[in-house]
Structure formats: C-alpha cells, structure tokens
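Here are some questions and answers on a protein structure. Keep the sequence and the 3D view at hand while reading.

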Amino acid sequence: DPSAGDGALLAAARDLGVAPECLQGIEVDADLARRARARGLDVRCGDGLCGNPVGVCESSFDAVIGNPPYGRCSRAMSPAQLDSLVKGDGYSIASGGRAEGARRRLASLRAAAIEHLFLERGLHLVRPGGLVVYVLPQGLFSNARTQVVRNWILERAEVLAVLALPAFVFRRPGLNATAAVLVLLR
C-alpha cells in the first residue's frame, strides 16, 4: 500500500489470512507509519509517489491496495514533492499521456488529483497479471472532466469491478466523500 496511513487495509488483509511477510506499506506521515508498525505491520516512512524505497521495485508486486488521499496535488503535496515528481519520470496520467515540458508538467501535476497519481503508481508497482484495488472518489467514474483519466486507465489495465460504497462509509464531521472500490488487472 503506497499510502498506508496507519495500516488499516494491510491489517485487514492480514486478518483475512495474508501472511504478514507478504504485506508492505509506505506512508509519508511518520506518526501514522509508527502507529502501523506498533500494530505489527511493515509500514515504512517514505513518499509513496516519489522514488522507490529499499525493497520496493516496479512491476514486482502481486497486488497493490490503497485508499489514497483525495484532492488536488497543489493542496496535498509540498513544493519539494512536486519538484521531485517533475524532475523524475513524472506521471503521464496527469497530462493524459501527452509529452510536456517541465513547466507544463508542473502545472499539470499541480492541477491533478493526487488519487490519480497513486492509481498510476499502483499500476507501476504491480506485475503484469497483478491486481490494483483502490478506494477512490465516486467522481472519477462519473464526471465528464475525468474521462481522460478513465481512458488512460482503460489503455493500461482491464477493469474487473467498480463497487460503490455506502454513503456513510466516509461521512463524519469534516469528511463527506462518496467512494467506490476500483479493481484493475494489469
């Protein structure tokens, strides 16, 4: 899980019988990563979008799961994180696959939804034939402006399922999101 938080999804997988040594997570928030480790989970403090921590190689996982943060990258990421993404290979989902110069890439990344970048990251991490299972905002599946993202996904993976979650799942003071689970086969 490249956005593991306190490890809730990893703990659920462990509770369903997945061997703990088969579960790994990355979390940018050191406090949350520490809480996950206190629960006996292998969650490292690091940036799930930038670079590959030790032991994390692209196309090497059987499955990638996650409930990434939602919202614009400009609100969710520091300027240093954005710069790191622009200097790296970047994320083609943010530009709809178009080649761009550094200035346009930064603008595309700032405007992109961070959950879309995590979705692309998941597809990079999973091996061919592997699964990506993410909890994502319902808008990805229905908004006209996200059609380019849906097209990008369909060019790279097979959609196995989209499962709407009940409205109350992400409803509490300060949080009101409708979400669905997306299951992809790379």
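Q: Leaving aside neighbours within four places in sequence, which residues is serine 3 in contact with?
A: This model is predicted, and serine 3 is found in the segment before α1 (8-15). Contact here means heavy atoms within 4.5 Å. With its neighbours within four places in sequence left aside, the contacts of serine 3 are Ile26, Glu27, Asn67, Pro68, Pro69 and Phe118.

Q: Does serine 3 count as buried or exposed?
A: A residue is buried under 20% relative accessible area and exposed over 50%. Serine 3 has a relative accessibility of 10%, so its class is buried.

Q: How many Å apart in space are serine 3 and valine 18, C-alpha to C-alpha?
A: In sequence, serine 3 and valine 18 are 15 residues apart. In space, C-alpha to C-alpha, the distance between serine 3 and valine 18 is 19 Å.

Q: What is the order of the strands in the open sheet of four strands?
A: The edge strands are β3 (61-66) and β5 (158-164), each of which pairs on one side only. The pairing in this open sheet is mixed. Neighbouring strands are turned by 10 degrees against each other on average, direction ignored. Read across the sheet, the order is β3-β4-β8-β5.

Q: Which residue in β4 is the bridge partner of isoleucine 65?
A: β3 and strand β4 (residues 126-137) run parallel and are joined by five bridges. In β4, isoleucine 65 has as its bridge partner valine 133.

Q: Which residue in β8 stands opposite valine 133?
A: β4 and β8 run antiparallel, with seven bridges joining them. In β8, the residue opposite valine 133 is valine 183.

Q: How many of the seven residues of β8 are buried?
A: Helix α6 (residues 114-125) lies across β3, β4 and β8 (179-185). The direction of α6 is at about 160 degrees to β4. β8 is mostly covered, and of its seven residues the number buried is six.

Q: Are α4 and α5 parallel or oblique to each other?
A: Helix α4 (residues 79-87) and helix α5 (residues 102-111) pack with their axes 10 Å apart, at an angle of about 130 degrees. Angles over 145 degrees count as roughly antiparallel and those from 65 to 115 as roughly perpendicular. The angle between α4 and α5 therefore makes them oblique.

Q: How many residues of the contact of α4 with α5 are charged?
A: α4 passes α5 in a right-handed crossing. On the α4 side the contact has Leu82, Leu85, Val86 and Lys87, and on the α5 side Ala102, Arg105, Leu106, Leu109 and Arg110. Six of the residues in this contact are nonpolar and none is polar, while the number charged is three.

Q: What is the phi of serine 59 near?
A: Serine 59 is found in the loop between β2 (43-45) and β3. At 35% relative accessibility, serine 59 counts as partly exposed. Most residues other than glycine have a negative phi. Serine 59 instead has a positive phi, near 60 degrees.

Notes: Residues numbered from 1 in each chain as written. Predicted model: local features only at pLDDT ≥ 70, side-chain atom pairs only at ≥ 80, totals over all residues. Heavy atoms only, no water. Axes fitted to C-alpha atoms, helices over the stretch in contact; angles between N-to-C directions. Helix = DSSP H or I, 4+ residues; strand = E, 2+ residues; numbered from the N terminus. Parallel < 35°, antiparallel > 145°, perpendicular 65-115°, else oblique. Left-handed = near helix turned anticlockwise from the far one by under 90°. Nonpolar A, V, L, I, M, F, W, Y, C, P; charged D, E, K, R; others polar. Pairing = 2+ DSSP bridges. Buried < 20%, exposed > 50% of the residue type's maximum accessible area, 1.4 Å probe, protein only.
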